[in-house]
Amino acid sequence: MEREIIIQKFCDSVNDGLGRGENRASSAYEALLPEMGDDKDLIELLDELKENFELAYQPQHFFDEPVLDVGIQLDQCYELLSHILGADVLDPKSAFERWLTQQKLGEKPATFLLMGRFFTVSGVQQYTPTGELAHFQYDPLTVTSGVVSVCAGDYMSLGDGRGMGTIGQAAARVGMRGMGHGKLVVQAYEQYMHHIAHNLGEKMIFMVLESEPRATQFWSSRGYRWVVDSVYIQPPIDYDETTGEPLYEPVEGEFLMVKVLDDPTATQLNRGAFAQILQVMYSNWYLPDYIPQEAQERVKKQVLGDFYTQCMNSLPAGDAPVPLGIPPQNAPTGS
């Protein structure tokens, strides 16, 4: 039997299985094996076909890498983020492109970070948006690369040589969850944030993020803690450049979570430190400089006035440190 016929028969069988939600690698192998006779080269080819399919069906080679330039990796990461997150919490792709370009050209400090966890497999393979293999093709001369999970955010200075890393967006392909890819990309992200702080001559003392209720369990397992009883509001992320009107409504119901890097088991946080975290994050992320001056003042008053005050007023009264804990199901959401 010709090599091309064996390859075609195997691929037709496993692709028919993929269309039905089945892994037919073993049955395709067993059906074709008797036709190989004693031809060791053809048996070796059949073994390779099965191995290639299994590695494409469930990739085994992964690597974590910061995205430092506009290109295919940015395209893949942004597509994953947009597939998982809504437009009201995800900055436009043009913003990601602008930040990366400005950093590469040295027009701004390298404080924005996009970290991706990628996989590579042999051949030209097609995957669904959620991460399942949709079509298999045997081609040892080519390689397919894809993204599994992604984490994006910024490093922000707090003054006096201290700073905090923030996570603005994170996502993992649904079909590849439960395999540790989210945990590993966050770990790589945090490590690179330390690298950014070092390059700026600072020490990173906090990691901070906004979490949807459904994700708090994951973030809690990574050492992040909710400031107990705090009611957090995420301001609009984009505005009309001409009128300054917000393009989205503020997002309520998320949890502001903090990881104290010097003391991962901390059960409380200095109230002043939390106030600074909130103010610095609001100022860096939610005060647009591309809208008319009058609109900028209005936004600043709402974000650093109304939203900031509401969050601080939701804390227990007094000057004592604020408690840190894991968000319960019925935690206050501001709604």
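Residues are called buried under 20% relative accessible area, exposed over 50%, and partly exposed in between, with a 1.4 Å probe and protein chains only as cover. The areas themselves come from the Shrake-Rupley method. By this scale Ala317 is exposed, because its relative accessible area is 78%. The model is predicted: local features need pLDDT of at least 70, side-chain atom pairs count only at pLDDT 80 or more, and totals for chains, interfaces and linings use all residues. Residues are numbered from 1 along each chain as its sequence is written, and side-chain values use heavy atoms, with hydrogens and water left out.

The chain has 335 residues, of which 45% count as buried. Its C-alpha atoms fill a box of roughly 85 × 40 × 40 Å along the principal axes. The secondary structure comprises 9 helices and 14 strands. These are DSSP runs numbered from the N terminus, with helices (H or I) of at least four residues and strands (E) of at least two.

Ala317 sits in the loop between α9 (293-313) and β14 (322-325). Its C-alpha atom is 33 Å from that of Ala295.

Salt bridges were examined next. A salt bridge is a side-chain nitrogen of Lys or Arg within 4 Å of a carboxyl oxygen of Asp or Glu. The whole structure contains 12 of them. One joins Lys104 and Asp69, with an N to O distance of 2.6 Å. Lys104 belongs to helix α5 (residues 93-104) and Asp69 to the loop between β1 (62-66) and α4 (72-84), so the bridge ties together parts 35 residues apart in sequence. The two partners differ in cover. Lys104 counts as exposed because its relative accessibility is 56%. Asp69, at 33%, counts as partly exposed.

A further salt bridge pairs Asp75 with Lys93, whose closest N and O atoms are 2.6 Å apart. This pair links distant parts of the chain, with Asp75 in helix α4 and Lys93 in helix α5, 18 residues apart. Asp75 is partly exposed, with a relative accessible area of 35%. Lys93 is also partly exposed, at 27%. Elsewhere, salt bridges with shared partners join Asp16, Arg20, Glu22 and Arg24 into one network. Within this group, the side chains of Asp16 and Arg24 meet at 2.5 Å, N to O. Asp16 is partly exposed, at 33% relative accessibility.

Asp38, Asp39, Asp41, Glu44, Asp47 and Glu51 form a negative patch. Patches are made of residues with over 30% relative accessible area and no salt bridge; like charges are joined within 9 Å, and nonpolar side chains (Val, Leu, Ile, Met, Phe, Trp, Tyr) within 5 Å. Asp and Glu count as negative and Lys and Arg as positive, while His and the chain ends are not counted. Each charge is placed at NZ of Lys, CZ of Arg, CG of Asp or CD of Glu. Asp41, one of the patch residues, lies in helix α3 (residues 40-57). It counts as exposed because its relative accessibility is 58%.

Thr166 lies in strand β6 (residues 162-167). Its side chain reaches the backbone oxygen of Asp154 at 2.7 Å. Thr166 is buried, with a relative accessible area of 0%. Thr216 lies in helix α7 (residues 216-221). A polar atom of the Thr216 side chain is 3.0 Å from the backbone oxygen of Pro213. Thr216 is likewise buried, at 8%.

Backbone geometry was considered last. Most residues other than glycine have a negative phi. Asp160 has a positive phi, near 55°. This residue lies in the loop between β5 (143-159) and β6. Asp160 is exposed, with a relative accessible area of 75%. Asp229 also has a positive phi, about 75°, although it is not a glycine. Asp229 is found in the loop between β9 (225-227) and β10 (233-234). It is partly exposed, at 35%.

Key. Areas by Shrake-Rupley, 256 points an atom, 1.4 Å probe, with all protein chains shown as cover. Polar contact = N/O pair within 3.5 Å; in protein donor to acceptor, adjacent residues only side chain to side chain.
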